[in-house]
Amino acid sequence: MYEQGSFTRRRFLATGAAALAAGSEAVAQTPAQKLHVKPVPAEIFIDHGINQETRLETLRGYLTPASHFFVRSHAASPVLDVRTWRLRVEGNALERALELTLDDLLRLPSRSVICFVECAGNGRGFFKEFMGKVASGTQWRLGGIGVAEWTGVPLGAVLELAGVKRDTPRDILNVLVEGLDTVKVNRPMSLIKAFEDDTLLAYAFNGEPVPLDHGFPLRAIVPGWVGINNIKWVGRIEVRSGAIDVPTTTKTYVLEGPDYPNKVVLRQQTIKSAVALPWGAVLAAGRHRVRGFAWSPSGRISRVEVSLDRGSTWQPASLREPNIARAWARWELDWDARPGDHVILTRATDDRGNSQPASVPWNAQGYGYNVPVPHPVKVT
Ligand SMILES: Nc1nc2c(c(=O)[nH]1)N[C@H]1C(S)=C(S)[C@@H](COP(=O)(O)O)O[C@H]1N2
Ligand SMILES: [Mo]
């Protein structure tokens, strides 16, 4: 973790200046690259245009480095200037409005949290692949996730500076966080979630200023909740006495379809696991240490089971440390692979008793697919 005071205004100015230079270079590159500042090489990312999916087999340590962190954006990454950037905090549930500079935030007590950011649509491609029913949106397999150490100011501390009126409802979606990208992506959370200790306005990612494509200079970190709540390039927060309806709660990020008579507005992610091998991996016959990841929005991973016979029998994988709630656990299993076409199924359980289900209802926008996935592997 980082000592307080290790993030200085100077460090952010330097990042901003380098970013501005990098940003203007990025414009001259290939069409997909124009949207991002960082390189998005095909060895590391599956290319979905503006969205870039991490090839989980390229990850080594516990934390996902910026070079490998998936990108999910609704518009090109804006390159913001920290000298003019401000955070506005306003709304009819607050005693007073605030306008904060990055320096103001750097002076507040900081907190570091290790957690995942995962797209609500992670796994969406499997609705088509295994249920034969396409859901609209980016056809992610399971690489729409990354785990980082985020450092910043608890959102609750900033809201306390503004003073939340005492009669404000606490469990409706009335705390809106808004980005400064051209489309001003925004999404609300509840006051209960906003005041959780680990809900942050983060200015640092793995000990460095938050990378340009991931929200520089400030992004929301809302552990366990759908990726969309982790608003990047934050510029404005609004707290209202009533629920805040925006397209990301009325149109998108809702469960809808034949099995949902009423729309369900998404809050938490679902428990999942993945094999860190290419999709359709080819392995030589013999002993292999198969590895992967498992994660839950609500607790630590307590068990990962693996099936090598299409679900007839399951064996426990070993779990490595660290294993942090709302981040992920790495699992490993030794496999004596015989020639042929195989699938590896994995099933995670957390310490709250949640497990990956045998089936999941289809929904039109393809959220929450968390059935154990038959990961294809050819052994030669
Ligand atoms: N301002 C802004 N914030 C945003 C988005 C966006 O397009 N604009 N995308 C959201 C979505 S849908 C996801 S899954 C995460 C992705 O974060 P990442 O690109 O850092 O991986 O950011 C969220 N925050
Ligand atoms: Mo997302």
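Predicted model: local features only at pLDDT ≥ 70, side-chain atom pairs only at ≥ 80, totals over all residues.
Ligand 1 sits in the largest cavity, and 20 residues surround it.

**Around ligand 1**

- Start with the neighbours: of the 20 residues that surround ligand 1, the closest are Phe-70, His-74, Asp-181, Arg-219 and Lys-232.
- Phe-70 takes part through its backbone, with an N or O atom there lying 2.6 Å from an oxygen atom of ligand 1.
- Asp-181 uses its side chain instead: a polar atom there lies 2.6 Å from a nitrogen atom of the ligand.
- Lys-232 also brings in its side chain, where an N or O atom is 2.5 Å from an oxygen atom of ligand 1.
- How much of ligand 1 does the protein bury? Taken alone, the ligand exposes 530 Å², and the protein buries 100% of that.

**Helix 5 and its buried face**

- Helix 5 covers residues 155-162, and its buried residues are Leu-155, Gly-156, Val-158, Leu-159 and Ala-162.
- Look down the axis of helix 5 and those buried residues fall within an arc of 160°, so they line one face of the helix.
- Just after helix 5 comes Gly-163, which takes a positive phi of about 75°.

- Arg-236 is in strand 12, which runs over residues 234-239.
- Is Arg-236 buried or exposed? Its relative accessibility is 14%, and buried means under 20%, so Arg-236 counts as buried.
- The side chain of Arg-236 has a polar contact of 2.6 Å with the side chain of Glu-90.
- Glu-118 belongs to strand 5, residues 111-118, and at 0% relative accessibility it counts as buried.
- Which side chain does Glu-118 reach with its own? That would be Trp-295, in a polar contact of 3.1 Å.

- As a rule, most residues other than glycine have a negative phi, and most peptide bonds are trans.
- Trp-233 has a positive phi of about 50° although it is not a glycine.
- You'll find Trp-233 in the loop between strand 11 and strand 12, and with a relative accessibility of 1% it counts as buried.
- Arg-310 has a positive phi too, near 60°, and is likewise a residue other than glycine.
- Arg-310 lies in the loop between strand 18 (301-307) and strand 19 (315-316); at 59% relative accessibility, Arg-310 counts as exposed.
- The peptide bond from Phe-216 to Pro-217 is cis, with omega near 5°.
- Pro-217 is placed in the loop between strand 10 (208-209) and strand 11 (219-221).
- Glu-321 and Pro-322 are also joined by a cis peptide bond, this one with omega of about -5°.
- Pro-322 has its place in the loop between strand 20 (318-320) and strand 21 (329-337).

**Pairs set apart along the chain**

- Gly-368 is in the loop between strand 22 (340-350) and strand 23 (375-379), and it is buried, with a relative accessible area of 14%.
- How far apart are Gly-368 and Gly-123 in space? Their C-alpha atoms are 7.2 Å apart, while 245 residues separate them in sequence.
- Val-40 sits in the loop between helix 2 (31-34) and strand 1 (45-48); its 12% relative accessibility means that it counts as buried.
- From Val-40 to His-68 is 28 residues in sequence and 8.3 Å in space, C-alpha to C-alpha.
- Arg-240 is in the loop between strand 12 and helix 7 (247-250), and at 30% relative accessibility it counts as partly exposed.
- Arg-240 and Leu-180 are 60 residues apart along the chain, with their C-alpha atoms separated by 20 Å.

Note on methods:
Residues numbered from 1 in each chain as written. Chains lettered and ligands numbered in written order. Heavy atoms only, no water. Buried < 20%, exposed > 50% of the residue type's maximum accessible area, 1.4 Å probe, protein only. Helix = DSSP H or I, 4+ residues; strand = E, 2+ residues; numbered from the N terminus. Arc of directions from axis to C-beta. Near = heavy atom within 4 Å. Polar contact = N/O pair within 3.5 Å; in protein donor to acceptor, adjacent residues only side chain to side chain. Areas by Shrake-Rupley, 256 points an atom, 1.4 Å probe, with all protein chains shown as cover. 1 Å grid on protein atoms, 1.4 Å probe; cavity = no way out; pocket = protein on both sides within 12 Å on 5 of 7 lines; lining within 4 Å. Sits in = over half its atoms within 2 Å of the grid points.
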